[in-house]
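Here is a short report on one protein model. It moves from a single residue to the overall fold, then to selected contacts.

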Amino acid sequence: MRWLTLYARSRQVPAALAAVLIGAVAVWALAGSGDGRSAPLLPALALAAGATAASVGLGGQDVALDRTAAIRWRFRRAAHVLLIGMVVCAVPLALQVLGEDLATAGFLVRDAAGLTGLVAVGAAVFGARYAWTPPIAWLSVSMVAPSPASVPEEVAGWLLLPPGTPAATWTALVLAALGTTVYALAGPRR
């Protein structure tokens, strides 16, 4: 077998991909015929479900073995995080082609990037088992936060803001870059 096949199997990529697909289809099925552009919660929920499902693969079966292997993990870790972001974003975009248009492409790309960065930070800080906690916590705060009136409030509620909001875009970009960098350099917590 090739290393990529072994890597994908050890990181539970097939199961994570199935979970991403099932989560996105379930959320889009629940959306019904409503206008998603006025209610960004469902697309954000679909993206968060996808990112958290894929977060399981950010840690291998044996973290000590990963740390002592004679291959360069930094580039593979960074590629893994970027691939998660691309898949988490691509699945809802593909579903939009097939049916319900719940959000703009800009919204999906921005939120997928930020949520993937949060998952990567979660894997580096809490381990792959609990990598889901930062995106779910941030989504929970965004859901109950009042309408943003200042930049700090926009940063706190960036997940549900419309695309083109500068504070939301920069927050997502910083989270994506920070998460990818931290996870690539540190790897998952033991």
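## A tryptophan between two helices

Trp132 sits in the loop that links helix 6 and helix 7. The model is a predicted one. With a relative accessible area of 38%, Trp132 is partly exposed. Trp132 also belongs to a nonpolar surface patch, together with Val125, Phe126 and Tyr130. The accessible area of these residues together is about 390 Å².

## Overall fold

The protein has nine helices and zero strands. Read from the N terminus, the order of elements is α-α-α-α-α-α-α-α-α. Of its 190 residues, 43% count as buried. The accessible surface comes to about 9800 Å². Carbon and sulfur atoms hold 70% of that surface.

## Helix 3 and its cover

Helix 3 covers residues 41-54, 14 residues in total. From first C-alpha to last, helix 3 reaches 20 Å. That is close to the 20 Å expected at 1.5 Å a residue.

Is helix 3 mostly covered or mostly open? It is mostly covered, with 10 of its 14 residues buried. Alanines in the buried set include Ala44, Ala46, Ala48, Ala51, Ala53 and Ala54. Pro43, Leu47, Gly50 and Thr52 are buried in helix 3 as well. What covers these residues includes helix 2 (13-31) and helix 5 (73-98). Helix 6 (105-126) and helix 7 (133-144) also contribute to the cover.

## A salt bridge

The count for the protein is one salt bridge. Its partners are Arg110 and Asp111, whose side chains meet at 3.0 Å, N to O. Side chains of opposite charge can pair when their charged atoms come close. Both partners fall under the 20% limit for burial. Arg110 has a relative accessible area of 7% and is therefore buried. Asp111 is at 0%, so Asp111 counts as buried too.

Ser142 is a residue of helix 7. At 6% relative accessibility, Ser142 is buried. What does the side chain of Ser142 reach? It reaches the backbone oxygen of Ala156, at 3.2 Å. Leaving out residues up to four places away in sequence, Ser142 touches Ala156, Gly157, Trp158, Leu159 and Leu160.

Helix 9 runs over residues 166-186 and holds Val174. Thr171 lies in helix 9 too. Thr171 is buried, with a relative accessible area of 10%.

Val174 is partly exposed, because its relative accessibility is 48%.

| Residue pair | Separation in sequence | C-alpha to C-alpha distance |
|---|---|---|
| Val174 and Gly114 | 60 residues | 7.7 Å |
| Thr171 and Gly157 | 14 residues | 9.8 Å |

Notes:
Residues are numbered from 1 along each chain as its sequence is written. This is a predicted model: local features need pLDDT of at least 70, side-chain atom pairs count only at pLDDT 80 or more; totals for chains, interfaces and linings use all residues. Side-chain values use heavy atoms; hydrogens and water are left out. Helices (H or I, at least four residues) and strands (E, at least two) are DSSP runs, numbered from the N terminus. Buried means under 20% relative accessible area, exposed over 50%, partly exposed in between (1.4 Å probe, protein chains only). Accessible areas come from the Shrake-Rupley method with a 1.4 Å probe; for residues, only the protein chains shown count as cover. A salt bridge is a side-chain nitrogen of Lys or Arg within 4 Å of a carboxyl oxygen of Asp or Glu. The expected span of a helix is 1.5 Å times one less than its number of residues. Contact means heavy atoms within 4.5 Å. Patches are made of residues with over 30% relative accessible area and no salt bridge: like charges are joined within 9 Å, nonpolar side chains (Val, Leu, Ile, Met, Phe, Trp, Tyr) within 5 Å. A polar contact is a pair of N or O atoms within 3.5 Å; within protein, one must be able to donate a hydrogen and the other to accept it, and residues adjacent in sequence count only if both atoms are side-chain atoms.
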